[in-house]
Amino acid sequence: MKGNSVIYSLFLSTSLFLTNCEKTNEPVKNNKIENLLSQMTLDEKIGQLNQYSIGAELTGPGAKEGINKIKYDHLKNGKVGSVLNLLGAKNGRETQKFVVEESRLGIPLITSYDVIHGYKTMFPIPLGESASWDLELMENTAAVAAKEAAAAGVMWTFAPMLDISRDPRWGRVMEGAGEDTYLGTEIGKARIRGFQGNDLSDVATIAACAKHFAGYGFSEGGRDYNNVYLGKHQLLNTILPPFKAAAETGVATFMNAFNDIDGVPSTANEYLLKDLLKEEWAYDGAVVSDWGSIAELVPHGVAKDSAEAAQMAITAGSDIDMEGYTYIRNLKQLVESGAINESLIDDAVRRVLKLKEDLGLLDDPYKYFDEDREKEVLLNPTHLALSREAGRKSIVLLKNEGDLLPLKAKNIAVIGPLAKDKDSPIGNWRAQGEKGSAISLYEGLTEALPDVNFSYAQGCKLSIGANDFAHEVEIENSDRSGFKEAVEVAKKSELVIMNLGEPAYMSGEARSRSEIGLPGLQLELLKEVYKVNKNIVLVLMNGRPLTLQWEAENIPAILEAWHLGSMAGHAIADVLTGKYNPSGKLPMTFPRSVGQIPTYYNHKMTGRPSTEPGMVFYSHNMDIENSPQYPFGFGLSYSTFEYSPVSLSKNEMNMGEEITVSIHVKNTSNVDGEEVVQLYIRDVVGSITRPVKELKGFKKLMIKAGESVQIDFEIGEEDLAFYRKDFTFGTEPGDFEVFVGTNSTDVQTATFKLN
Ligand code: BGC
């Protein structure tokens with residue numbers, strides 16, 4: 001019990017002080033940190049900035065070998081401030097006890113983990129869930145993920161990913177909210193509120209992390225870890241708003257990014273981390289590096305060795321070194337040689353200690369380690385029910401010709417390599433989601449429709465070596481032996497449900513693709529089945545937008561079902577049967593072909609806008625039209641909605657005033673349905689070129705069959721502001737167009753003038 005005496009006497013005196021002066025909470029909090037800091041040696045300070053990935057074995061028999069030995073010694077000597085991947089209340093408690101009791105000051109560890117779309121109960125992948133446009137739902141699923149993670153001893157998640165991404169080749173699009181800045185900002189805030197709740201020290205909440213700061217979603221060619229080229233206006237207007245909003249929402253931490261931006265790696269980017277985040281935005285939380293990203297300044301070619309990398313990163317404002325070994329190896333020498341000032345380290349340590357204090361660790365290092373709570377909370381039935389709700393709300397109906405859906409047929413063939421796959425719906429970044437634990441589509445359907453006669457054929461295999469996080473997914477490209485059976489069952493059925501798409505590990509980190517059609521033999525299989533039965537409902541499971549030209553043209557009904565998590569099969573069955581009327585809208589454009597990329601709705605006009613098909617000298621491809629396969633915001637329902645013309649409360653707006661935009665939306669069908677009414681704005685003439693339209697608001701609401709509702713949006717100055725030519729933020733007088741509609745292309749318009 002070396003460390004305890006020092007740290008606990010400190011806590012005791014501070015908490016005594018607290019009871020006497022309840023109203024002076026802030027200075028007291030700081031005193032606690034300052035007192036602690038004043039007792040720390042330089043080594044101990046640097047230790048707080050050092051983060052290791054460790055498993056339970058560190059305190060067990062394997063602890064004394066190789067790299068584990070180093071980590072073990074560092075834990076023992078107060079040279080580790082936080083760890084990632086240490087899971088479970090029991091393991092966590094043992095390791096915490098080791099650190100608290102063995103190290104001189106006994107400063108508790110923070111445990112962290114990638115809790116991206118659930119901990120044990122899996123929710124839809126973030127891109128899929130974003131299709132729900134349901135902020136309350138996303139806040140709730142993040143809150144449940146936090147509750148489960150915290151019960152298993154995790155205090156800090158590396159989520160939400162706030163990278164705006166417009167390139168579906170990039171595998172990590174599955175982790176974010178898609179291509180739009182406004183939607184991404186609102187979803188980011190909801191997820192942060194969900195993870196963190198109102199009180200970080202509550203054992204049902206965890207610290208969140210705004211990542212990857214910044215520009216990672218723009219990696220060239222969609223290839224992960226690749227370089228990024230961005231203009232500063234694009235950075236300020238498109239990429240940074242979700243991060244700024246996250247800081248304002250009180251996100252506990254930030255993570256820097258693997259990429260450079262125009263030659264400057266984000267990890268060592270003083271402008272981003274210091275000037276903007278810590279100074280202009282006055283952010284007082286900690287910035288963690290991405291995994292090894294400080295050490296990667298060497299291969300980037302901006303630092304000659306690990307010492308220089310450490311110097312650049314700490315100077316820029318990266319506070320914690322995740323598995324990079326650069327701070328622990330070099331910072332002491334850098335301070336002692338005068339290359340860096342110790343005050344830089346003090347600032348970073350204060351941020352880490354503040355997080356520990358906010359998490360309640362300085363009062364009780366063991367509060368997150370309770371095995372009884374862990375048993376009670378994980379996979380609680382209410383969590384599974386929420387997963388099913390999130391799943392069905394995330395599904396997007398892309399096509400429903402001839403009202404093939406909801407299902408009416410009594411004799412149905414279910415075909416495809418994903419139909420009985422209980423693993424792929426769990427998705428990538430599955431935390432502790434158990435392998436093969438999802439409800440498959442086949443299970444969901446057969447349970448939902450006991451009176452229907454189902455037959456099944458796999459048709460083709462999707463992958464070899466898939467579902468193994470450590471390996472590349474190899475797609476099966478030659479075995480057609482299952483085609484015959486698939487064609488046979490299709491022939492005998494009234495209707496075919498084809499379940500095709502990507503396996504879980506085909507999207508996510510390091511899973512970029514150069515072609516984004518259905519992988520392997522699936523399209524070939526689909527065409528074979530189509531020859532014998534055209535009544536096909538295509539259910540897609542995938543982690544990114546796909547190119548679906550043939551499918552969109554020929555298949556009568558298409559449902560986008562992403563990787564929906566633990567209850568995927570039930571959620572899809574709810575939609576197929578009509579128990580739930582689909583309401584999802586795409587958070588990312590589906591291009592017609594890879595060559596069209598980037599294809600996103602809020603592009604600029606260009607000097608030669610593509611408004612006149614058939615003309616040669618305008619911005620287009622000769623071999624494909626400019627419009628996407630499915631635009632941003634698109635999604636059908638079993639209901640039909642009719643939009644009235646849009647009306648404005650006035651046609652001129654003075655600075656500081658507001659305009660009300662009103663529209664009537666009528667449900668013209670005989671089924672109740674939810675609609676996401678979307679508001680877009682265009683600034684017609686600006687000091688820099690402006691997007692053709694930008695989402696500025698949306699409302700998701702239930703409209704009963706036959707009912708008409710009025711929807712109002714208020715437009716204020718803030719909605720019209722942007723980073724102008726001179727990089728100041730504000731509005732510019734002139735003409736604006738307003739668009740309201742069911743997606744980004746089918747809209748009603750009106751105009752007004754800003755004076
Ligand atoms: C990813 C991060 C993640 C970290 C820790 C990195 O490879 O880029 O997003 O949080 O690993 O697992």
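Figure 1. With a relative accessibility of 9%, D167 counts as buried, a class defined as under 20% relative accessible area, whereas exposed means over 50% and partly exposed lies in between (1.4 Å probe, protein chains only). The model is predicted, so that local features need pLDDT of at least 70 and side-chain atom pairs count only at pLDDT 80 or more, while totals for chains, interfaces and linings use all residues. Residues are numbered from 1 along each chain as its sequence is written, and side-chain values use heavy atoms, with hydrogens and water left out. D167 is placed in the loop between β4 (156-157) and α8 (181-196), where helices (H or I, at least four residues) and strands (E, at least two) are DSSP runs numbered from the N terminus. The side chain of D167 is joined to that of R169 by a polar contact of 2.7 Å, and a polar atom of the D167 side chain also lies 3.2 Å from the backbone nitrogen of G222. A polar contact is a pair of N or O atoms within 3.5 Å; within protein, one must be able to donate a hydrogen and the other to accept it, and residues adjacent in sequence count only if both atoms are side-chain atoms. Leaving aside residues up to four places away in sequence, D167 touches V173, G221, G222, M588 and I597, contact meaning heavy atoms within 4.5 Å.

**Figure 2. The interface of domain 1 and domain 2.** The domain assignment, which is automatic or taken from a database, gives domain 1 (84-374), domain 2 (406-596) and domain 3 (641-754). Between domain 1 and domain 2 about 2,800 Å² is buried, 59% of it on carbon and sulfur atoms; buried area is the accessible area (1.4 Å probe) that two parts lose on being put together, summed over both. Of the area that domain 1 buries against domain 2, M122, P168 and R169 supply 22%, more than any other three residues. In this interface, 39 residues of domain 1 are in contact with 35 residues of domain 2.

**Figure 3. Polar contacts and salt bridges between domain 1 and domain 2.** There are 22 residue pairs in polar contact between the two domains, with both residues at pLDDT 80 or more. Helix α6 (residues 126-130) gives the most to the side of domain 1 that touches domain 2, with three residues. Two salt bridges are found across the interface of domain 1 and domain 2, a salt bridge being a side-chain nitrogen of Lys or Arg within 4 Å of a carboxyl oxygen of Asp or Glu.

**Figure 4. Salt bridges elsewhere in the model.** The whole structure holds 46 salt bridges, among them the pair K332 and D43, whose side chains meet at 3.1 Å, N to O. This pair links distant parts of the chain, with K332 in helix α14 (residues 326-336) and D43 in helix α3 (residues 42-48), 289 residues apart. K332 counts as partly exposed because its relative accessibility is 32%, and D43 is likewise partly exposed, at 28%. In another salt bridge, between D423 and R430, the closest N and O atoms are 2.8 Å apart; here D423 is buried at 5% relative accessibility, and R430 is buried at 9%. R388, R392, D574 and K579 are linked in a network of salt bridges.
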